[in-house]
Each structure stands twice: as structure tokens, then as C-alpha cells.
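I opened my notebook to look up a few spots in one structure. My notes follow, entry by entry.

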Amino acid sequence: MRSLRLALGLLTVLPVGTVEPTARLGAGALRWAPVVGAALGAVAGGLLVGLAAAGVPPLAAGLLTVGFLALATRGMHVDGLADTADGLGCYGPPERALAVMREGGVGAFAVVTLVVVLGVQGAALAALASAGPAAVAAVALAGATGRAGFCWVARRGVPAARPGGLGALVAGSQPWWVAAAWWTTLAAAGLALGPRATVGVVLGAALVAALSRHTARRFGGMTGDVLGAANELAATAVLITLATAAGG
């Protein structure tokens with residue numbers, strides 16, 4: 001259960017107490033991450049439905065839900081998405097890309113990526129806002145699918161791109177089948193929401209696999225920022241797929 005506490009402490013703002021991170025606990029925390037993501041998604045989905053029921057315009061409710069998720073995760077995943085975009089957008093060797101990611105500023109690639117991804121998330125949530133309990137389940141599925149990508153990014157054979165930080169702690173810690181098992185489970189569970197949910201999970205998994213392959217080559221390995229980017233891309237894939245179904 002210390003791994004679960006570490007996952008909650010790393011991935012949420014919940015005051016779960018201090019857990020000294022070790023490689024073993026970090027590996028366990030990644031395997032718990034989809035559970036944490038599902039719980040966060042369920043709370044966010046409840047907020048979305050509650051805002052819609054209170055008469056808040058759907059797009060505003062969707063954007064407020066996106067903001068809640070950013071606050072609930074300390075903005076960590078969104079920050080990882082921005083840094084990864086800037087790193088991939090710069091020229092030069094891997095060392096240059098990693099230096100850009102460490103600088104802490106927000107470049108043009110990061111800004112465009114954040115506007116597009118978070119805007120799509122907000123619009124997708126707006127389309128789901130009137131779906132009641134199904135919306136809660138949809139956002140929970142998206143949250144779990146995004147965090148399942150952590151296990152693929154940190155799979156064995158992919159080294160840390162640089163020393164220190166969460167990336168170095170968990171790099172190479174996961175057998176490949178852990179992510180596959182999570183995605184298979186989530187794809188099956190998604191059938192309760194219809195076949196589109198399963199398509200969304202599969203699409204999210206494909207995006208994470210492509211991102212992981214590209215970033216491992218570009219950066220020379222994985223970083224904690226790539227974990228955040230993987231989460232945001234996979235979660236967005238699930239949300240937009242389900243929103244398309246709701247709109248149809």
C-alpha cells in the first residue's frame with residue numbers, strides 16, 4: 001500500500017503523508033496510476049455533470065473541469081505536455097532538447113500544443129456534460145487510460161534520458177505486458193459505454209506507443225515530462241472519441 005500512497009502523493013494534491021520514493025516504490029506507483037486516474041476522472045466527471053445541472057453553459061463546464069484536473073494534479077501532466085512539445089520542437093542533438101525542457105519557460109510549440117489539447121478536452125467534456133452517470137464513467141475511463149500509458153513509457157529497455165527526477169526513478173521499471181494488460185482491461189470495460197469507448201482506448205494506446213518511440217529516439221530515453229504528455233494525449237483520445245459518439 002506504500003506504492004499506492006506514493007502514487008496518490010505524486011499524482012494528486014491529496015495530503016497522504018510523506019513516502020520516501022525508491023525505485024521499487026516508484027515502479028509500484030506506476031502500476032497503481034490508472035486506479036488513481038480513474039478516481040480523479042470520476043470526481044471530475046461528477047463536477048462536470050453537477051455544473052451542467054446547475055445551468056453552467058456546457059463549454060464553460062468543460063473548461064472548468066479541465067482546470068480542476070490541472071489543479072488536482074498540480075499541473076504536472078500539463079507541464080509535462082508543454083515541456084515535451086518544446087523539446088520535440090527544437091533543433092539540435094538530444095542534449096539541446098533536454099536543456100530546452102529543463103529551462104522552465106513556455107515556447108511557441110508548448111503554447112500551441114496546450115491550446116489545442118486542452119481546448120479539445122474542454123470541448124469534448126462539453127459534449128458529454130448532459131450524459132449524467134455515463135459522463136462520469138467516460139471521464140473516469142479517460143483518466144485511467146491516460147495513466148496506463150505511464151507503464152508503457154517506463155517499460156524495460158527504455159533508459160532514462162537524464163539522471164534525477166521521476167523519469168530516472170522509474171525508467172525501465174515496467175514489463176511491457178503491464179501496460180498491455182491495463183489497456184486490454186480498460187478496452188473491455190469501455191464496452192459498457194459502447195464500442196466507441198473501446199476505440200478510444202485503442203487510439204490512446206497507439207498515440208502513447210508512437211510518442212514513446214519518438215521521444216526515446218529524440219531525447220535518448222524517457223523523462224518524467226513524457227509521462228505527462230502520454231497521459232494528456234491518451235486521455236484526450238478517449239474523450240474526443242466518446243464525445244463524437246455523444247454528438248452523433
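**Ground rules.** I am working with a predicted model, where local features need pLDDT of at least 70, side-chain atom pairs count only at pLDDT 80 or more, and totals for chains, interfaces and linings use all residues. Residues are numbered from 1 along each chain as its sequence is written, and side-chain values use heavy atoms, with hydrogens and water left out.

**Confidence.** I checked pLDDT, the predictor's confidence in each residue, from 0 to 100. The chain averages 92, and 98% of the residues score at least 70. Helix α8 (residues 165–170) has the lowest confidence, at a mean of 84. Helix α3 (residues 58–72) has the highest, at 97. Helices here are DSSP runs (H or I, at least four residues), numbered from the N terminus.

**M222.** I found M222 in the loop between α10 (195–219) and α11 (224–247). Is M222 buried or exposed? M222 is buried, because its relative accessible area is 2%. The cut-offs are these: buried is under 20% relative accessible area, exposed is over 50%, and partly exposed is in between (1.4 Å probe, protein chains only).

Next I looked up its contacts, meaning heavy atoms within 4.5 Å. I left aside neighbours within four places in sequence; the contacts of M222 then include V153, A154, V158, P159 and L227. I also checked R155: M222 and R155 are 67 residues apart in sequence, and their C-alpha atoms are 9.6 Å apart in space.

**L14.** This residue sits in the loop between α1 (2–11) and α2 (23–53). L14 counts as partly exposed, because its relative accessibility is 46%. From L14 to P133 I noted 119 residues in sequence and 24 Å in space, C-alpha to C-alpha.

**Helix α5.** Which residues of helix α5 (residues 94–102) are buried? They are A97, L98, V100 and M101. They cover an arc of only 155 degrees around the axis, so they lie on the same side of α5. The arc is that of the directions from the helix axis to the C-beta atoms. The face turned away from the buried side of α5 carries the exposed residues E95 and R102.

**Aromatic pair.** I found one aromatic pair in the structure. The rings of W152 and W183 have centres 6.2 Å apart and planes at 40 degrees, so the pair is tilted. Rings of Phe, Tyr and Trp (its six-membered ring) pair if their centres lie within 6.5 Å; planes under 30 degrees apart are stacked, over 60 edge-to-face, and the rest tilted. Both W152 and W183 are buried.

Notes. Helices (H or I, at least four residues) and strands (E, at least two) are DSSP runs, numbered from the N terminus.
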